[in-house]
Every structure is written in structure tokens, then in C-alpha cells.
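My entries follow the display.

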Amino acid sequence: MRGAFGESGKSKWFLEYSQTGKSYEAKFQYQGHYHSVEFDSLGNIQDIEIEIMESEVAQEVWKEIRNYFESEYRQVKVEKIQRQFTGSKSGLKHFFQGRKFRSCVDPL
């Protein structure tokens, strides 16, 4: 992780089991955001999640999200907002290398 993110500080590692097998997840803070990077058992990146603040979501998008939850539920509390990036192995590598990831990674 240090090679991809420079001095990202301490990372915590987790082993996860799912229907598709096991994966490894590294969680750490980098450039003021919490990151989570998931790998398969061969070390291939599966996805990247970055926790963001409400202020980082476009105002019109946030309004739509709030309207949906308020129309479907009596009470809503947003605890965490994340951007998730998935894509090809090379696309996610570009993300780590600081290139423009929007052209090579499809956000969910």
C-alpha cells in the first residue's frame, strides 16, 4: 500500500469470506479520506471505496437521494457516504498511479 499511496500511515487488514470466495481488504487514511481496497486471493484489486463528506456530493444528486429516502422511510440517518470504483485490473492500477480514473474505471 505504501508504494501506491506514499506515506498513507497505518493500514488495517481484514479477511472476508463470501459466496464467491475469500478476499482481503486494506483500510487506511490517505489525503484526508478513509480508503478501503479489496483484493482477491491472488492479489488482484476488486474494488476501491473512498469515504466522502456530504459536501463532496453534487447538490442536485444529494437532493435526489434525500427525497428518495424521505419518501420511502419515516426516519433517515446517513452514517457514511462512499464512492466505489470497480473496473478492469489495469483501470484500477491507473487509479493508484494518479491518472484520471474516470476514463478507465466505471463507478457503481
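**Notebook: the charged pair**

I started with Arg66, which is partly exposed at a relative accessible area of 27%; the scale calls under 20% buried, over 50% exposed and what lies in between partly exposed, with a 1.4 Å probe and protein chains only. I kept in mind that this is a predicted model, where local features need pLDDT of at least 70, side-chain atom pairs count only at pLDDT 80 or more, and totals for chains, interfaces and linings use all residues. Numbering runs from 1 along each chain as its sequence is written, and side-chain values use heavy atoms, with hydrogens and water left out.

Which residue does Arg66 meet in a salt bridge? I found Glu70, at 3.7 Å from N to O. The term asks for a side-chain nitrogen of Lys or Arg within 4 Å of a carboxyl oxygen of Asp or Glu. Glu70 and Arg66 sit 4 residues apart in helix α2 (residues 59–72), so about one helical turn separates them. I counted 1 salt bridge in the structure.

**Notebook: the fold**

I noted 3 helices and 6 strands, taken as DSSP runs numbered from the N terminus (helices H or I, at least four residues; strands E, at least two). Along the sequence I read α-β-β-β-β-α-β-α-β. Of the 108 residues in the chain, 25% are buried.

**Notebook: a pocket and a histidine**

I then checked the second largest pocket, about 210 Å³ in volume. On a 1 Å grid over the protein atoms alone, a pocket is an open set of points where a 1.4 Å probe fits, with protein on both sides within 12 Å along at least five of seven lines, and lining residues have an atom within 4 Å of a point. The volume is the space filled by probe spheres set on points joined across faces, edges and corners. Of its 14 lining residues, Lys27, Phe28, Tyr34, His35 and Ser36 are closest to the centre.

His35 belongs to strand β3 and counts as buried at 7% relative accessibility. I also logged a polar side-chain atom of His35 lying 3.1 Å from the backbone oxygen of His33.

Key: A polar contact is a pair of N or O atoms within 3.5 Å; within protein, one must be able to donate a hydrogen and the other to accept it, and residues adjacent in sequence count only if both atoms are side-chain atoms.
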